[in-house]
Amino acid sequence: MLPGPKSRALAATLRRFESPNVTFLADDGSFPIFWEEAHGCTVMDADGQEYLDLTAAFGVASIGHTNPAVAAAIAAQAQKLIHGMGDVHPSRVKVELAQKLSEMTPGDLGGALFGTSGGDAVEAALKTARVFTGKPGVVAFTGGYHGLNLGALAVTHRADFRTPFAGQIAPFAVHKPYGEFLNKLPEGAGAVLVEAIQGRGGIVVPPPGWLESLKILCENSGAVLILDEIFTGWGRTGNWFACEHEGVTPDILCVGKALGGGLPISACLARPEVMAAWGVSTGEALHTSTFLGNPLCCAAALAALSELERLDAPQLAREQGAFFLEQLERLQARFPTKILSVRGRGLMLGIQLADAFAGELMVKLLHRGVIVLPAGDGDILEFTPPLVISEEEIQWAVQELVAVMAVAPSGS
């Protein structure tokens, strides 16, 4: 029985002690499982059952779960310094990570503002754009997801996230259609914020030349281009950053997820003249936090970046992504009335379903030992596995997809 008795018991306990709006707990006990261990692409639940993870845990475990090099770096750092005083008495590893980020990101981006989540990086980017341009307005896009902090929520598009907090969200953002070429920016817009490829919005790849057109529009308007590469960064799409497919370097870049190798760390990076608009600290930083540049997280990030380089993450994503894409295209040919399209780049892939039953497939696949997530409006099944996934694991996952698609709704 999946989930097993230990997962079901944990679900009952969690229902008592966690806010009821956080974790979805099916009344019949069919969802979720509770993770106990994870290595590479394999997850083990509290009952000892194993699963193949095709999500990389929201894209975080690009180098595999519990990567040995990252685990060793965490263990070593934990013996020396777990917490520092980020903006008062920084740690050596924070300095090393800031330098490494500048070296690995496109163009002359640098001057890191560290955070603990993708939403933190977006907040920092929005503030940076404001202090540099003097303009509060931001152009974001339909389908965009940038986090749920109040600032990030203003640029996130989904109404179900935004509506409950009407009156608290500042009205500084406007949303334009993703992928539609713009002739001009609205009055007062100092920034354009965009995902190089939309993840949660449905694995949406923009048309060729669109990102470049936004960069040119920003240059001509005195605005800055902010690229949210929190999901797409660090090799996921076949280049170190998805913007490199288009030859575009942003003014501000947001990174996170795979950066920490499993620990919570993110960063906002910008061109030197943009970041310089903050001015020099006189002893009280305008944007900081208690855990800014946490030593344990910085050590994990340095190890994760080293592993991404050692593995040649972009090459892995290109090779395994091409194999996975071919398997999904064969799946579409087998079920043409149920799968409308296959989309994505590298190991950021999805299938578009004829009906919005991705959530139903997610549960069915879980019961067959495969962990996936829905995206878009429930009509996209998303595949963003660890980059270290093997062809054998991909083939097995597709076999399970065949089994659930065979009994899925036939579409309209």
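How many bridges join strand 11 to strand 12, and do the two run parallel or antiparallel? The close-ups below begin with that pair.

This is a predicted model, in which local features need pLDDT of at least 70, side-chain atom pairs count only at pLDDT 80 or more, and totals for chains, interfaces and linings use all residues. Residues are numbered from 1 along each chain as its sequence is written, and side-chain values use heavy atoms, with hydrogens and water left out.

**View 1. Strands 11 and 12 form a hairpin.** Strand 11 covers residues 339-345 and strand 12 covers residues 348-353. Six bridges join them, and they run antiparallel. Two strands pair if DSSP finds at least two bridges between them. Helices (H or I, at least four residues) and strands (E, at least two) are DSSP runs, numbered from the N terminus. Val342 stands opposite Ile351 in strand 12. Two residues lie between the strands of the hairpin, where Gly346 takes a positive phi near 65 degrees.

**View 2. Strand 9 pairs with strand 8 and with strand 10.** Strand 8 (residues 224-228) runs parallel to strand 9, with three bridges. Here Asp228 has Cys254 of strand 9 as its bridge partner. Strand 10 (residues 266-270) is antiparallel to strand 9, with four bridges. On this side Leu253 is partnered by Leu269 of strand 10. Strand 9 (residues 252-255) is covered on both faces. Ile252 and Cys254 are buried on one side, Leu253 and Val255 on the other. Buried means under 20% relative accessible area, exposed means over 50%, and partly exposed lies in between (1.4 Å probe, protein chains only).

**View 3. Glu309 and Lys100 meet in a salt bridge.** A salt bridge is a side-chain nitrogen of Lys or Arg within 4 Å of a carboxyl oxygen of Asp or Glu. In this pair the N to O distance is 2.9 Å. The two residues are 209 residues apart and link distant parts of the chain: Glu309 is in helix 10 (residues 295-311), Lys100 in helix 4 (residues 92-104). Glu309 is partly exposed, because its relative accessible area is 38%.

**View 4. Glu307 and Arg310 form a salt bridge.** Their N to O distance is 2.8 Å. Both sit in helix 10, three residues apart, so about one helical turn separates them. Glu307 is buried at 9% relative accessibility, whereas Arg310 is exposed at 58%.

**View 5. Arg158 and Asp160 also meet in a salt bridge.** N to O, the distance is 2.6 Å. Arg158 is partly exposed at 28% relative accessibility. Asp160 is partly exposed too, at 48%.

**View 6. A network of salt bridges links four residues: Lys215, Asp251, Arg271 and Glu273.** How many salt bridges are counted by this rule? The count is eleven.

**View 7. Asp312, Glu319, Glu391 and Glu392 form a negative surface patch.** Patch residues have over 30% relative accessible area and no salt bridge; like charges are joined within 9 Å, and nonpolar side chains (Val, Leu, Ile, Met, Phe, Trp, Tyr) within 5 Å. Glu391 lies in helix 13 (residues 391-405). Glu391 counts as partly exposed, because its relative accessibility is 37%.

**View 8. Pro208 sits in a loop between strand 7 (189-195) and helix 8 (210-221).** Pro208 is exposed, with 71% relative accessibility. Glu246 is 38 residues from Pro208 along the chain, and their C-alpha atoms are separated by 7.3 Å.

Note on methods. Accessible areas come from the Shrake-Rupley method with a 1.4 Å probe; for residues, only the protein chains shown count as cover. Lys and Arg count as positive and Asp and Glu as negative; His and the chain ends are not counted. The place of a charge is taken as NZ of Lys, CZ of Arg, CG of Asp or CD of Glu.
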